[in-house]
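Colleague: I would like to learn how to read a sheet and a pocket. Could you take me through a case?

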Amino acid sequence: MSALRYVYAICRPFAAALSAELAGVAGVPPKLLRHGDLIAVVGSVPEREFAAEPLRRRLEDVQWLEATARAHQGVIDALTAVTSPLPLRLATVLRDDSGVRVMMEERREDFLRTLDRLDGQVEWDVKVYAENTETVGDSGTSETSGTSETSGISETNGNFGTSGTSGKTLERADEFTRRLHGTLSQCAGETRLRTLPNPESAPSEVAGTEVLDAAYLVPRAKSEEFVERVNGSARDEPGVRVELTGPWAAYSFTGSTGLTGFTGVTAFTRKAS
């Protein structure tokens with residue numbers, strides 16, 4: 001059966017070579033497909049799995065999805081080590097090399113603008129949790145607090161009994177979070193605050209109450225300083241836990257250019273003039 005083209009990312013041309021042992025989705029090493037001043041990082045995948053209808057079924061298979069996501073991320077990580085890629089959405093599949101080139105041609109200006117903005121930058125993700133307590137408020141009932149669903153930073157409002165985290169703990173964590181976000185933003189060119197989960201449905205017995213979920217776009221040259229600021233801020237702060245992950249490709253900062261992929265097979269023929 002014929003092969004389709006799985007597209008991992010769009011990049012500027014870069015000199016470093018990817019490892020010959022790097023296996024991508026379906027176990028196929030990625031290759032570089034150049035079109036003008038852009039490069040698409042692509043792999044060949046079987047139509048029996050990645051054509052539109054079988055792909056929809058596969059995406060409901062948790063084991064298949066996890067394996068595919070790991071392979072996809074492995075290629076993105078390898079690219080991030082040598083350049084500043086614009087990662088595309090998981091399972092972005094086009095019909096053939098010609099379709100990939102047409103896609104690069106038609107979205108060239110958007111791709112170039114985004115690549116210019118991401119050049120030399122990586123993403124760091126920071127989460128802050130207020131640790132669980134059994135503190136009881138002055139009224140004799142557990143103090144509680146809610147969270148903002150739009151800001152990504154918690155807003156304590158005084159009543160949060162089922163979370164296992166006291167109101168006073170949340171207030172301290174909220175103050176810490178605002179200080180931390182302020183100092184980290186000084187190292188970052190851009191930030192993204194993600195919507196916080198409803199603490200009533202979050203696994204609070206494991207994680208505590210999440211009070212910050214943020215992504216920071218940081219120049220590579222400032223990454224060490226950024227990590228030091230995270231570690232230094234969290235070291236002596238009781239009642240909070242800080243999780244730092246990265247550096248990643250700048251998934252959170254690609255906008256529609258990177259995250260709106262072409263999931264499912266797309267012929268992508270040139271528009272009529």
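Predicted model: local features only at pLDDT ≥ 70, side-chain atom pairs only at ≥ 80, totals over all residues.

Colleague: How many helices and strands does the protein have?

Modeller: The secondary structure comes to 9 helices and 9 strands. The protein has 273 residues, and 44% of them count as buried. Take contacts between residues at least 6 apart in sequence: 78% join residues at least 24 apart.

Colleague: Now the sheet. In what order do the 4 strands run, and is the pairing parallel or antiparallel?

Modeller: The general idea is that strands of a sheet pair through backbone hydrogen bonds, either parallel or antiparallel. Here the order is β7-β8-β6-β9, in an open sheet with antiparallel pairing. β7 (190-193) and β9 (240-248) are the edge strands, each pairing on one side only. From one strand to the next, the twist averages 20 degrees.

Colleague: How many bridges join β7 to β8?

Modeller: There are 4 bridges between β7 and β8 (residues 209-219). Across this pair, Leu193 stands opposite Ala214 in β8.

Colleague: Which helix packs on the sheet?

Modeller: Helix α8, residues 223-235. The helix touches β6 (121-130), β8 and β9. Its direction makes about 5 degrees with that of β6.

Colleague: And the pocket: which residues line the largest one?

Modeller: The largest pocket here has a volume of about 160 Å³. Its lining is Gln73, Glu123, Asp125, Trp248, Ala249, Tyr251 and Ser252. By class, that gives 3 nonpolar, 2 polar and 2 charged residues.

Note on methods
Residues numbered from 1 in each chain as written. Heavy atoms only, no water. Pairing = 2+ DSSP bridges. Helix = DSSP H or I, 4+ residues; strand = E, 2+ residues; numbered from the N terminus. Axes fitted to C-alpha atoms, helices over the stretch in contact; angles between N-to-C directions. Contact = heavy atoms within 4.5 Å. 1 Å grid on protein atoms, 1.4 Å probe; cavity = no way out; pocket = protein on both sides within 12 Å on 5 of 7 lines; lining within 4 Å. Points joined across faces, edges and corners; volume = space filled by probe spheres on them. Nonpolar A, V, L, I, M, F, W, Y, C, P; charged D, E, K, R; others polar. Buried < 20%, exposed > 50% of the residue type's maximum accessible area, 1.4 Å probe, protein only.
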